[in-house]
Amino acid sequence: MSKEQDWRESLFYEQKNGYDLIDAEETKLVYAYAEGYKRFMDAARTEREAVRVSIELAEEVGFKEYIPGMALSAGDKVYLNNRGKSLILAVMGSEPLSEGAVIAGAHVDSPRLDFKQLPLYEDTEMAYFKTHYYGGIKKYQWVTIPLELHGVVALKNGDVIDVCIGQDPDDPQFVITDLLPHLAADQMKKTMSEGIKGEGLNILIGSVPYADDGKDRVKLAILSLLHDDYGITEEDFLSAELTAVPAFQSRDIGFDRSMIGAYGHDDRVCAYAELRAILDLKTPRRTAVCILADKEEIGSEGVTGMQSKAFDTFMEDICEGQGVALRRCYEKSFCLSSDVCNAFDPNYPEVSEKRNEAKINYGMGICKYTGARGKSGTSDASAEIVAYLRKLFAENNVIWQLCELGKVDQGGGGTIAKFMAERNIDTIDAGVPVLSMHAPFEVVSKLDCWMTYKGVLAAYQD
Ligand code: MN
Ligand code: MN
């Protein structure tokens, strides 16, 4: 080797495709991990379902529901279910909480079409549900795709009825119609954000009239079906949380099956990585905490979002059990804000700065900062934190890449990172790169999913 080549080797930072770095043995693990993830995804289409499934998996390996004041010792595994919509799991460390906790935080809510509180109406002898979209969607992507209905109806008597229609192969599904191209000359002149309007996202749910001669016969027929199946009346929609989500099963993508297409990778792909990591964990040195948060897609608001005190209350409770002040624990804690980043898409190179964008199959994506414009709205992790991860991941053979969200001034976004940093916890964004983020069917690479699991596990075990 010439001296010149030698210098290149030692001075350049050269990223490699993950498949050039792992052996056949690990490739098998990559593909096996993806099978478990796909099963999780097909059982968890909403935050409520994700929480339910996660609790089932946690209880199988010995996690117990946390009761404030309960005595905890090293190796104990507990979870806190926050109103059925977010979940905190912890494995107690051998060191006290005064040494801090290792936290991984992902979110389990995804963009979707929520029903309005008075959703049902009839027009031209067809029945519809009106919706109000949740999170950042491109509305044109949500018409003419099969939809499932999920959620709950809370009754005055305190009962809560679970609804899940469209997932079973025998179930009906639902759809929002679009204009035929023959009559769409005016629509096609509009911008993509105006071609389909928010008030146009009305879900078609029936067409057979009730056998009488009154008004709104199709609406009445639908209500009578719902009354037969669920015992509900129109008024019960007032206290319902119903949502339409894409009716797509998770599928392998590509001849080589190297990718997964599914609804809601953002951010259940990181939620699953964290969950698997904490379920597989033996007694860690520092207490490990896994957060599956709600409401990230609308700003982490509400009692189940990361701005809620629910997390602090849980942490304060377990700290109190050891006579440790919460603030002492937080200042020594470390948090991986485990959320997806965008993967470079060669179909749209103009929005990216290729040198600093995550690439499919290049491993777990670490974002030092997110935000918009001049890094507005990001917590911007310290160089020391990135250096810590470089060492941790090198020692644990985690393939990873540093990335940012698009070109400067192209757009932007945020995660729960800043809300964790506000608590005086060192925090950095780390997650799986995604193609078509926020679309009804998103794509991730199996290798990146596996590396994110390995990355979170390495942090928990450090
Ligand atoms: Mn996200
Ligand atoms: Mn998102």
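Here are some friendly notes on this predicted model, from the whole chain down to two residues.

1. How to read the model. Residues are numbered from 1 along each chain as its sequence is written, and chains are lettered from A and ligands numbered from 1 in the order in which they are written. Local features need pLDDT of at least 70 and side-chain atom pairs count only at pLDDT 80 or more, while totals for chains, interfaces and linings use all residues; side-chain values use heavy atoms, leaving out hydrogens and water.

2. Overall build. The chain holds 12 helices and 22 strands (DSSP runs numbered from the N terminus: H or I of at least four residues for helices, E of at least two for strands). Its radius of gyration is 24 Å, close to the 23 Å that the globule rule gives for 462 residues, so the chain is as compact as a globular protein of that length. That radius is taken over C-alpha atoms, and the rule is 2.2 Å times the number of residues to the power 0.38. Along the principal axes, the C-alpha atoms fill a box of roughly 85 × 60 × 45 Å.

3. Inside and contacts. Of the 462 residues, 52% count as buried (under 20% relative accessible area; exposed is over 50%, partly exposed in between, with a 1.4 Å probe and protein chains only). Take the contacts (heavy atoms within 4.5 Å) between residues at least 6 apart in sequence: 75% of them join residues at least 24 apart.

4. Glu148. This residue sits in strand S7, residues 147-154. Is Glu148 buried or exposed? Glu148 is buried, with a relative accessible area of 1%. Its side chain makes a polar contact of 3.2 Å with the side chain of Arg45, and another of 2.7 Å joins the side chains of Glu148 and His150. A polar contact is a pair of N or O atoms within 3.5 Å; within protein, one must be able to donate a hydrogen and the other to accept it, and residues adjacent in sequence count only if both atoms are side-chain atoms. Beyond neighbours within four places in sequence, Glu148 is in contact with residues including Ile165, Gln167, Thr243 and Pro246.

5. Val108. Look for this one in the loop between strand S4 (101-107) and strand S5 (112-123). Although in a loop, Val108 is buried, with a relative accessible area of 0%. Setting aside neighbours within four places in sequence, its contacts include Thr46, Lys85, Arg268 and Leu292. Val108 and Ala372 are 264 residues apart in sequence and 23 Å apart in space, C-alpha to C-alpha.
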